[in-house]
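Trainee: Could we go through this model together? I would like to begin with the strands and then turn to the pockets.

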Amino acid sequence: MLTTEFPGCRQLIAAIDTAVAQSSTPAITDSLRNSLCRLIRGNEVQLPECVLETAEGRYARRELYRSEDHGYCVVAMTWGPGQGTPIHDHAGMWCVEGVWRGALDVVQYERLDDSDGHCRFQPVGSVQAGPGSAGSLIPPHEYHTIRNPSDRDIAVSLHIYSGNMTHCAVFQPLAGETGYERCERQLGLDPVH
């Protein structure tokens with residue numbers, strides 16, 4: 001289901017459909033990363049203007065497409081200056097994330113053994129991703145943070161999830177301790193127009 005028409009949306013959907021026909025999750029995400037990089041760098045797809053609109057106090061999420069045949073979901077996220085996420089997961093779904101505009105700092109974490117009911121994490125890699133770059137997260141290696149490092153510019157990223165991403169777990173640091181508390185978060189959508 002396409003939320004709104006935009007230039008190049010059919011090329012984007014065709015590239016995703018081709019990728020999800022691959023036989024394994026790593027093959028799917030590799031194909032998607034390559035396709036997203038090509039489509040972004042070649043300006044073949046122009047996202048709707050509404051993806052440039054920020055949300056007060058949080059990043060914006062706009063569903064552009066959900067495949068009824070394959071189950072995947074395409075969400076554009078708009079990051080105002082300095083906006084970001086706590087450590088979070090993708091509820092067991094793979095995801096490919098491409099930067100459309102601006103830059104994003106992405107830090108990936110490995111979850112360590114829980115201690116006294118508290119989650120522990122170790123950072124295992126970070127990257128500042130710019131336009132035309134894409135990365136993937138495959139469970140159980142899905143824990144990460146995303147942040148717009150700019151103090152004045154917005155960033156826009158495109159996320160392709162293996163399913164409808166309606167919730168995730170977020171991990172909040174415990175005051176005065178080294179662990180994190182796991183909380184479920186329901187994810188809303190901002191309007192597409």
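**Sheet, helix and pockets**

Mentor: In this predicted model, five strands form an open sheet, ordered E1-E2-E9-E4-E7 with antiparallel pairing. Strands (E, at least two residues) and helices (H or I, at least four) are DSSP runs numbered from the N terminus, and two strands pair if DSSP finds at least two bridges between them. The model is predicted, and local features need pLDDT of at least 70, side-chain atom pairs count only at pLDDT 80 or more, and totals for chains, interfaces and linings use all residues. Residues are numbered from 1 along each chain as its sequence is written, and side-chain values use heavy atoms, with hydrogens and water left out.

Trainee: How many bridges join E4 to E9?

Mentor: There are 6, and E4 and E9 run antiparallel. Gly-98, for instance, has Leu-158 in E9 as its bridge partner.

Trainee: And what does helix H2 lie across?

Mentor: Helix H2 (residues 25-41) lies across E4, E7 and E9, and runs at about 10° to E4. Contact means heavy atoms within 4.5 Å.

Trainee: Changing topic, how much space lies in the largest pocket?

Mentor: About 260 Å³. Of its 20 lining residues, Glu-97, Val-106, Val-127, Ala-129 and Gly-135 are the closest to its centre. On a 1 Å grid over the protein atoms alone, a pocket is an open set of points where a 1.4 Å probe fits, with protein on both sides within 12 Å along at least five of seven lines; lining residues have an atom within 4 Å of a point. Grid points are joined across faces, edges and corners, and the volume is the space filled by probe spheres set on the points.

Trainee: What is its lining by class?

Mentor: The lining of the largest pocket has 9 nonpolar, 10 polar and 1 charged residues. Ala, Val, Leu, Ile, Met, Phe, Trp, Tyr, Cys and Pro count as nonpolar, Asp, Glu, Lys and Arg as charged, and the others, Gly among them, as polar.

Trainee: And the second largest pocket, what volume does it have?

Mentor: About 190 Å³. Its lining has 3 nonpolar, 5 polar and 4 charged residues, and includes Arg-58, Arg-61, Arg-185 and Asp-190.

Technical notes. Axes are lines fitted to C-alpha atoms, for helices over the stretch in contact, and angles run from 0 to 180 degrees between N-to-C directions.
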